[in-house]
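Let's walk through this structure together, one step at a time. Take a look at it first, and then we will see how its chains meet.

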Protein chains: 2
Amino acid sequence: MTARSSTDASRVIPEATVARLPVYLRALTALADSGIRTCSSEDLAGAAGVNSAKLRKDLSYLGSYGTRGVGYDVDYLRYQIAREIGVTQDWPVVIVGIGNLGHALANFSGFRSRGFRVVALLDADPALVGQTVAGVQVRPFADLEETVRTNDVAIGVIATPAVAAQDVADRMVATGITSILNFAPAVLAVPEGVDVRKVDLSIELQILAYHEQRKANGAESAAVAVETDGGAA
Amino acid sequence: MTARSSTDASRVIPEATVARLPVYLRALTALADSGIRTCSSEDLAGAAGVNSAKLRKDLSYLGSYGTRGVGYDVDYLRYQIAREIGVTQDWPVVIVGIGNLGHALANFSGFRSRGFRVVALLDADPALVGQTVAGVQVRPFADLEETVRTNDVAIGVIATPAVAAQDVADRMVATGITSILNFAPAVLAVPEGVDVRKVDLSIELQILAYHEQRKANGAESAAVAVETDGGAA
DNA sequence: CCGGTTTTGTTCTCACGTTCACAAACTCCT
DNA sequence: AGGAGTTTGTGAACGTGAGAACAAAACCGG
């Protein structure tokens, strides 16, 4: 016998599905804003850019929230996904590193609208401390612990240069942060139980470059192949 | 018989591997900067934060660039990976949408250092046009086509609000761009042959929130379980 | 020159994720 | 009430990726 929370926590949702739920949530919000009350899996899949079978399977991990022959109630499904992800509650967030990127993140409107609240902006540079960014005053990095404890922060964002990232991560973990979103181009080592997600611009570009080069090479090879075939024929 | 480029283009590199190659490249650069000339798969795997077996398998898709009993020559392997990804050449890039995020991207130093060159910053807002950001003058969005053709641009970055993203993508595709990095929180529809990668801050945060909530629920459930067991005992 | 040691490259197995296909279940119309 | 038409939820097949394990190949010391 296992104890279960009210939402039946025994259900394990595959990681790939978790990564898509926010997309569905956004698509549902868009549909709701257009005044649409009900949608089929086909509709929603189209709006989210995925296969409808995949969408249905993803949703099935949450429960049976649709009606056969009808589809899904937009508002109801939206609430269920939001609850599952945890965005019905408010998540306090600290951002460390208020350079160009930190500025952009602090000003990002999607934070507030999706249940995330920036409770502190921290930077090691004394020249930045005291400035106000997006209505929040930048404080010294040393205030991390106090900020985290006072606001019960679980999520930290690292927007520092790469060299500082591991150090910041260590300090975050030490203060009790258990989820880190890392924008610094560095591999972070964290203890078991701490989640790290990384967002890396240059890696994304390099992946695109690889495929781009491949397209070019492919075209070249194809051209060569045509020539060769022509010669052989 | 199939025509092959000089790099033996018939080899198909799994997508998961492609996504890790830039990480290896970065780790190798760090090792080279530390004056290390040779490293084992174990060393490199540690620096890149992956399993050594996975690393070796990934590298094996490129060819046999290691020496058994010795390891890999750092500079040689670095060059091979760089060539495979395509960062030995220069990739011109245009950025559309020069808001907070666009600013940060334009100033991002990792661009230049990894073979990407920002050839134009475009924005639809007349108030921004003419300003200089990171040494490049912001031009009207209407200049997209001219810029792309003149500089032979293949990669475009979208940093606009969500509502404008699809329109920008359509225009990019029309001018011949075949790789798009999308920072706007919107699902883009593009024709076959065009690659899109998306970077979405709020999705990443929501994924973290889900796991965070799960940790909290798990702890709660565990606590309940202990109580229950205690009561039963 | 040869056995021992190290480390790569590769094979095999397992787990995960995607997609197809279809039965179950619901609505609507007659 | 009953049959036709929709649409969900899910079982099964398939493909991709991860990790363990090991044989092949290089170096080293005597």
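Start where the copies meet: 98% of the interface residues of chain A are also interface residues in chain B, so the copies meet through the same surface. Here two residues are in contact if their C-beta atoms, placed from the backbone, lie within 7 Å. By that rule, 57 residues of chain A touch 56 residues of chain B. On chain A's side, the elements giving two or more residues are helices H1 (15-33), H5 (100-107) and H9 (201-232), along with strands E9 (179-182) and E10 (195-198). H9(A) gives the most, with 21 residues.

Before going on, a word about what you are viewing. This is a predicted model, in which local features need pLDDT of at least 70 and side-chain atom pairs count only at pLDDT 80 or more, while totals for chains, interfaces and linings use all residues. Residues are numbered from 1 along each chain as its sequence is written, and chains are lettered from A and ligands numbered from 1 in the order in which they are written.

How are the two chains arranged?

Now look at chain A by itself. Its secondary structure comes to nine helices and 10 strands (DSSP runs numbered from the N terminus: helices are H or I, at least four residues, and strands E, at least two). Among its contacts between residues at least 6 apart in sequence, 53% join residues at least 24 apart.
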